[in-house]
Amino acid sequence: MNEAKKIFWDGVRAEVPLLIGVFPFGMIYGALALNAGLSPVESQMMSSVLFAGSAQFVTAQLIQSATPGPVIILTIAVVNLRHMLYSASLAPYLKHLSMKWKILLSYLLTDEAYAPSVLNYEGKGITPAGHWFLLGAGFSLWFTWQVSTAFGIFLGARIPEELPLDFALPLTFIAMVVPTLKKRPMIAAALSAGVIALLAYNLPYKLGLILAALTGIIIGTMLESKASPGEML
Amino acid sequence: MNIWLVMLAGGLITFGMRFSLIYLFGRFEVPETMRKALHYVPPAVLSAIILPELLIRDGALHFSFDNIRLLAGIIAIIAAWVSRNTLLTILVGMAALLILGWM
């Protein structure tokens with residue numbers, strides 16, 4: 001098997017645990033969008049045109065409450081603002097790629113594709129075929145999102161709520177972030193971001209998440225500059 | 001405003017944000033401080049997603065032993081720390097949530 005193919009499948013494999021949580025989430029979105037008054041085609045198309053879970057939920061809600069279009073568009077922009085951080089974070093690893101690749105991978109750049117990919121890149125550094133990892137993670141997520149949306153549209157409200165499958169997503173993020181918390185600045189970044197996210201949770205449009213992320217990033221960076229390399233552990 | 005127009009504009013803006021810095025940093029060097037700061041994006045963003053999932057129920061902070069998601073989350077954090085294995089962490093966390101839910 002050639003290198004690119006192997007790395008693509010590594011990306012798919014790293015994505016699988018996340019897909020367990022994404023599938024019910026996509027089904028709930030499909031059912032909710034129909035309920036909000038979107039047609040089946042509109043509900044399905046939103047999953048590929050927007051391709052952003054939380055923004056799709058918010059959009060469906062706002063359409064239901066007859067919010068003016070420009071307000072919905074602005075809301076989508078704010079809810080998805082965190083993707084600029086992901087874009088900056090992955091940019092060094094994708095720098096050498098052609099414009100076509102950059103466009104394709106940008107389209108696939110969601111929370112769930114970003115998380116396993118950035119950990120892979122931080123471990124392996126910049127490699128010639130590394131972008132296949134993000135393609136594998138991003139494409140398997142995209143495919144699952146389309147299929148689960150279709151299931152949700154088809155099944156409507158008949159989704160059992162007893163199984164807490166949505167818990168698989170935070171669990172996967174825990175499995176990814178905990179092993180990286182070795183040095184003090186990393187731990188401080190994670191803790192401060194987590195606390196601010198709790199305190200600012202009720203800010204509208206996920207602004208609390210952005211505020212929390214920026215706080216964590218600034219605190220981590222400041223602590224790193226303060227500590228001499230010997231003191232870091 | 002037409003739903004399709006809203007979706008298309010929202011989709012273009014979302015794509016634009018995902019593409020923005022991948023494009024810009026392909027043309028310009030990433031400044032050194034920025035490069036340092038970007039290492040903290042994963043722990044900061046992921047923790048900011050995880051903690052509210054564990055601690056917030058119906059829009060309010062739910063910090064008690066009745067909160068089984070918090071307890072299952074703590075068990076998963078310990079499992080992740082000890083095993084450093086993604087699949088095992090998810091299984092342990094899920095099992096903890098189901099068992100605590102039964103109790």
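Helix 2 of chain A and helix 1 of chain B run roughly parallel to each other, because their axes cross at roughly 15° and angles under 35 degrees count as roughly parallel. Keep in mind that this is a predicted model.

- Two packed helices are described by the angle between their axes and the distance between the axes.
- Here, the axes of helix 2 (residues 40-49) of chain A and helix 1 (residues 3-27) of chain B come within 9 Å.
- The crossing of helix 2 of chain A and helix 1 of chain B is right-handed.
- On the chain A side, Glu42(A), Met45(A), Met46(A) and Val49(A) do the meeting, and their partners in helix 1 of chain B are Ile3(B), Met7(B), Leu8(B) and Gly11(B).

**Where the chains touch**

- Zooming out, 71 residues of chain A are in contact with 58 residues of chain B.
- On the side of chain A that touches chain B, helix 5 (residues 82-94) of chain A gives the most, with eleven residues.
- By class, that side of chain A has 52 nonpolar, 14 polar and five charged residues.

**How chain B is divided**

- Chain B comes in two parts: domain 1 covers 1-38 and domain 2 covers 40-103.
- Between the C-alpha centres of domain 1 of chain B and domain 2 of chain B there are 31 Å.

Terms used: Residues are numbered from 1 along each chain as its sequence is written. Chains are lettered from A and ligands numbered from 1 in the order in which they are written. This is a predicted model: local features need pLDDT of at least 70, side-chain atom pairs count only at pLDDT 80 or more; totals for chains, interfaces and linings use all residues. Two residues are in contact if their C-beta atoms, placed from the backbone, lie within 7 Å. Helices (H or I, at least four residues) and strands (E, at least two) are DSSP runs, numbered from the N terminus. Ala, Val, Leu, Ile, Met, Phe, Trp, Tyr, Cys and Pro count as nonpolar, Asp, Glu, Lys and Arg as charged, and the others, Gly among them, as polar. Domain bounds come from an automatic or database domain assignment. Axes are lines fitted to C-alpha atoms, for helices over the stretch in contact, and angles run from 0 to 180 degrees between N-to-C directions. Angles under 35 degrees count as roughly parallel, over 145 as roughly antiparallel, 65 to 115 as roughly perpendicular and the rest as oblique. A crossing is left-handed if the near helix is turned anticlockwise from the far one by less than a right angle, and right-handed if clockwise.
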